[in-house]
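Please keep the sequence and the three-dimensional view at hand while reading.

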Amino acid sequence: MANKQLMFAWTMLLFLGGCADNRPVIGPYPKTGMASWYSDKITSTSEKFNGNYLTCAMRRTDFGKHYKDCNVASNKYVIVRHNDFGPSKYSYDKGSIIDLSSRAFVRRADLKEGMINVTVEEVSEQ
């Protein structure tokens, strides 16, 4: 348990400290933009990544909150739990506002699409 807490503290120090490229978004999160799917080994919360869970990565530090991610083209949506930090600053600056686990992505689009237009909004606790 101590290792997980230390890893989380170190991760937060990097994101909130001197790494300007990885600073979280302050204030309201963009409501529209692009979504992609991703895989990882360990999340920013020290949780082992599992592509079968309905989770997401956002450039915020409000880990544990739930968000409704809706595909603009099909109007299909999924509720995801925020447990990781991302997308990269480069991708975010290009319009990518959320990375989704593969299971969350396929609930609204084919993985082959890679990126889709979405709206993202916070929902009350699940």
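## Elements and overall make-up

Helices, of at least four residues, and strands, of at least two, are DSSP runs numbered from the N terminus. On that basis, Ile-116 is placed in strand 6. The structure is a predicted model.

The protein contains 3 helices and 6 strands, and from the N terminus on its elements follow the order α-β-β-β-β-α-β-α-β. Of its 126 residues, 40% are counted as buried. The accessible surface amounts to about 7,300 Å², with 54% of it belonging to carbon and sulfur atoms. Among contacts with a separation of 6 or more, 73% come from residues 24 or more positions apart.

Strand 1, residues 32–37, pairs with strand 5 in the parallel sense over 4 bridges. Within this pairing, Ala-35 stands opposite Ile-98, and Ser-36 has Asp-99 as its bridge partner. Strand 2 and strand 5, by contrast, run antiparallel and are joined by 2 bridges; here Ala-57 stands opposite Asp-99. Because 5 of the 5 residues of strand 5 are buried, this strand is largely enclosed by the rest of the structure.

## The nonpolar core

The largest nonpolar core has 17 residues. Those touching the most other members are Met-58, Val-80, Ile-97, Ile-98, Leu-100, Val-118 and Val-120. Two or more residues of this core are given by each of strand 2 (55–58), strand 4 (77–85), strand 5 (96–100), helix 3 (102–106) and strand 6 (115–123).

With neighbours within four places in sequence left aside, Ile-98 is in contact with Tyr-29, Met-34, Ala-35, Ser-36, Cys-56, Ala-57, Met-58, Asp-69, Val-80, Pro-87, Val-118 and Val-120.

Is Ile-116 buried or exposed? Ile-116 counts as buried because its relative accessibility is 5%, and the cut-off for buried is under 20%. Although Ile-116 and Met-34 are 82 residues apart in sequence, their C-alpha atoms are 5.4 Å apart in space.

Beyond its neighbours within four places in sequence, Ile-116 is in contact with Gly-33, Met-34, Ala-35, Asn-71, Phe-105, Arg-108 and Ala-109.

## Salt bridges

Side chains of opposite charge can pair when their charged atoms come close. The model has 5 salt bridges. One of them joins Asp-69 and Arg-108, at 2.1 Å from N to O. This pair links distant parts of the chain, with Asp-69 in strand 3 (residues 66–71) and Arg-108 in the loop between helix 3 and strand 6, 39 residues apart. Both Asp-69 and Arg-108 are buried. Asp-62 and Arg-60 also meet in a salt bridge, at 3.3 Å from N to O, and both of these residues are buried.

A further salt bridge is formed between Lys-89 and Asp-93, whose closest N and O atoms are 2.7 Å apart. Both residues lie in helix 2 (residues 89–93), 4 residues apart, or about one turn of the helix. Lys-89 counts as partly exposed, at 30% relative accessibility, while Asp-93 counts as exposed, at 52%.

## Backbone features in the loops

The peptide bond from Gly-86 to Pro-87 is cis, with omega near -10 degrees.

Two residues other than glycine have a positive phi: Ser-46, at about 70 degrees, and Asn-75, near 65 degrees. Ser-46 is found in the loop between strand 1 and strand 2, whereas Asn-75 is in the loop between strand 3 and strand 4. With a relative accessible area of 7%, Ser-46 is buried; Asn-75, at 58%, is exposed.

Conventions: Residues numbered from 1 in each chain as written. Predicted model: local features only at pLDDT ≥ 70, side-chain atom pairs only at ≥ 80, totals over all residues. Heavy atoms only, no water. Core = buried A, V, L, I, M, F, W, Y, C linked by side-chain atoms within 4.5 Å. Buried < 20%, exposed > 50% of the residue type's maximum accessible area, 1.4 Å probe, protein only. Contact = heavy atoms within 4.5 Å. Areas by Shrake-Rupley, 256 points an atom, 1.4 Å probe, with all protein chains shown as cover. Salt bridge = Lys/Arg side-chain N within 4 Å of Asp/Glu carboxyl O. Pairing = 2+ DSSP bridges.
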